[in-house]
Amino acid sequence: MKKIALAGLLAVSLTGCGGSEEPEVLNLYNWSEYMPQEVLDRFTEETGIQVVYTTYDSNEAMYARLKLLDDSAAYDLAVPSTYYVSKMRQEDLLMPIDRSKIDGFDNLDPELVDLDVDPDNKYSVPYLWGTTGLAVDTADVEGEVTAWEDLWDERFEGRVMLTNDMREVFHVGLRVLGYSGNSTNPEEIEAAYEKLTELMPSVRTFNSDAPRMPYLEGETDVGMIWNGEAVMAQDTMPALEYVYPEEGIIAWLDSFVIPKNAKNPEAAHKFINFVLKPEISALISEEIGYATPNLAARDLLPEEVANNRASYPNATDMVNAEFQTDIGDEALQVYAKYWEMLKSGQ
Amino acid sequence: MRSALQQPFKTAVLVLVWGWLLFLVFTPNLLVVGASVMTRDPGSFISLPITLDAYRQLLNPLYLDVFLHSLYMASMTTLVCLVIGYPFAWALSKVPRQRQVLLIFLLIVPFWTNSLVRTYALKLMLATNGLLNNALMSLGLIEEPLKLLYSEGAVIIGLVYLLLPFMILPLYSVFEDLREDLLRASHDLGAGHFATFVHVIVPLTLPGVLAGVMLVLLPAMGLFFVPDILGGSRNLLVGNVIKNQFLDARNWPFGAAASIVLTLTMAFLMFAHRLSKRRIGEEGA
């Protein structure tokens, strides 16, 4: 939310000093801390297009804003996760991507294109992929933490952080019980809720704004984190370890999409093209800590980034890994009900 | 018509005020009422037919609990504001005029910064290795850092910090009007400090207390970002439920119904305030 306020300020100051000639603008709507400033600056330098960067901290919030502002065309480019790409595509909210304007598409990992959510990538271009796993502050935590189940351990009372993301938190509950993290079965969801209520006394905070912060602030010692946030946190806190839980990691892929009514689709295509340049993709992965699907970029990465297991897991790490899928509206309501019950301590 | 021409300024102000109320208060609220009686629709948020389902959903004991918890947090906030604000407002009315202006100015200065930014600043102060803990530890007052953040206490501290001026200002205005001769009369008639306070000062400042309570209690239930930031998203207020319903669960009719119930609660309290004010007025007469 802080980021939104800052972006707003930025937007005001940009229009404030705009002068007589109106500069070309790209309205980019992205997750908070998901794009290095350097990339935006270099894009502006190269193309003369100003980037107005607005952020969100959940797919749901992004979807609601895009849908509401559908007609006013407030954004030219957004970055939903896989399951929202399929939802938005089916609801006819997206503009097809003109592949002839994108040069680097063939560099993308064949395993991450042409997915069920968007066959032949008509509407989306993969940006980054990552995982949600366990963060362990090894300086303060004694003993091993290897599984989601370990969070329920009594010794972690008041020291656990969870992401403020309904789907992810329930994913953990469902996996611990041996169910799919994409379950749509109300009984399984209820069981996961029962299990999660036992975890609540241990939970100190929920955070999806910057999940590394509670660890850095010393508020929490163990819990959920996104791998890129873990990599960023390790710069200042080397003791923070990223663990692939035995029950399976939560995996996601975020892709660029152009809203149907975008005012400047030309600039949006240019930006996608720019990001797909191997050196830019490499720069992003290095700074942000998430894995780039751009294989040409991977060769350019410094050794310590390419070999960092947090960003680039090996095959064993990905055993039991599950990508999030669209669960449909009916199941979403069930999740939402139990999420509120969980939060209000019922 | 002639009278309108004679008073162009008055007409302009009236048009402006009514236009403002109509377009920026009445119409949006009407839209919320409309949304609350529609059916939830996964595609376009709301659709026909008209139904009271959203209000029925509100009867779920879960939301009663959230409402009561919210009311509890807001009441604690109000109480703390009153305890701090009452003597503060009294002291403020006693200092020389010129310094009063300066002090009121200082009271209002924080409003120049967005409340969201101020809440983040407060977080930095309350964090385990934040300013407050570091200061207390280097003074040797505590050994272990206090776990202040992400608790009910932190939320109440945040709410008090944001809302205290709304308690002080109405209280200040009643203390300003408090006539010195009434206090002197009370003393002359043999009342001590305590009796004067209970029988003269409290009744005379009661309208200010009530106004302050309303200005603090009602917003306190809706400031959803304070529990999000300082409470670790754990202490839900009614405002959080409304926000979750609109953004996460995409259940607009329910979110709208919840906000209408909150608005009606406010209206009821304001009505009660009016009644009590009239009663106080009659007693005074």
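A:Asn320 counts as partly exposed because it has 13 C-beta neighbours inside 10 Å. Buried means 20 or more other C-beta atoms within 10 Å of a residue's own, exposed means 12 or fewer, and partly exposed lies in between, with C-beta atoms placed from the backbone. A:Asn320 sits in the loop between α12 (303-306) and β12 (322-323) of chain A. Its phi is near 70°, a positive value in a residue other than glycine.

This is a predicted model, in which local features need pLDDT of at least 70 and side-chain atom pairs count only at pLDDT 80 or more, while totals for chains, interfaces and linings use all residues. Residues are numbered from 1 along each chain as its sequence is written, and chains are lettered from A and ligands numbered from 1 in the order in which they are written.

**Positive phi in chain A**
- Most residues other than glycine have a negative phi.
- A:Asp92 has a positive phi of about 60° although it is not a glycine.
- A:Asp92 lies in the loop between α4 (82-90) and β4 (94-95) of chain A. Helices (H or I, at least four residues) and strands (E, at least two) are DSSP runs, numbered from the N terminus.
- A:Asp92 counts as exposed, because it has 9 C-beta neighbours inside 10 Å.

**Sheet in chain A**
- Three strands form an open sheet in the order β2-β1-β3 (chain A), with parallel pairing. Two strands pair if DSSP finds at least two bridges between them.
- The edge strands are β2 (50-56) and β3 (77-78) of chain A, each pairing on one side only.
- Strand β1 (residues 25-31) of chain A runs parallel to β3(A), joined by 2 bridges.
- A:Leu28 stands opposite A:Leu77 in β3(A).

**Interface of chains A and B**
- In chain A, 24 residues are in contact with 26 residues of chain B. Contact means C-beta atoms, placed from the backbone, within 7 Å.
- On the chain A side, the elements giving two or more residues are α1 (2-16), α3 (59-68), β7 (203-206) and α13 (328-343) of chain A.
- α13(A) gives the most to this side, with 6 residues.
- By class, the chain A side has 8 nonpolar, 7 polar and 9 charged residues. Ala, Val, Leu, Ile, Met, Phe, Trp, Tyr, Cys and Pro count as nonpolar, Asp, Glu, Lys and Arg as charged, and the others, Gly among them, as polar.

**Helix α10 of chain B**
- Helix α10 (residues 193-220) of chain B has 28 residues, yet its end C-alpha atoms are only 34 Å apart. A straight helix would reach 40 Å at 1.5 Å a residue. The expected span is 1.5 Å times one less than the number of residues.
- A kink of about 50° lies at B:Leu206, shortly before the proline B:Pro207. The bend is the angle between axes fitted to the seven residues ending at a residue and the seven starting there.
- Buried residues of α10(B) include B:Thr205, B:Gly208 and B:Val213.
- α4 (61-94) and α8 (152-177) of chain B are among what covers the buried residues of α10(B).

**Chain B overall**
- Chain B has 13 helices and 2 strands.
- Its C-alpha atoms fill a box of roughly 75 × 70 × 35 Å along the principal axes.
- Buried residues make up 31% of the 285 residues in chain B.

**Confidence**
- Chain B has a mean pLDDT of 85, and 94% of its residues reach 70 or more. pLDDT is the predictor's confidence in each residue, from 0 to 100.
- Within chain B, confidence is lowest in helix α1 (residues 2-6), at a mean of 55, and highest in α8(B), at 92.
- The model scores ipTM 0.74 and pTM 0.80.

Definitions and conventions
Contact = placed C-beta atoms within 7 Å.
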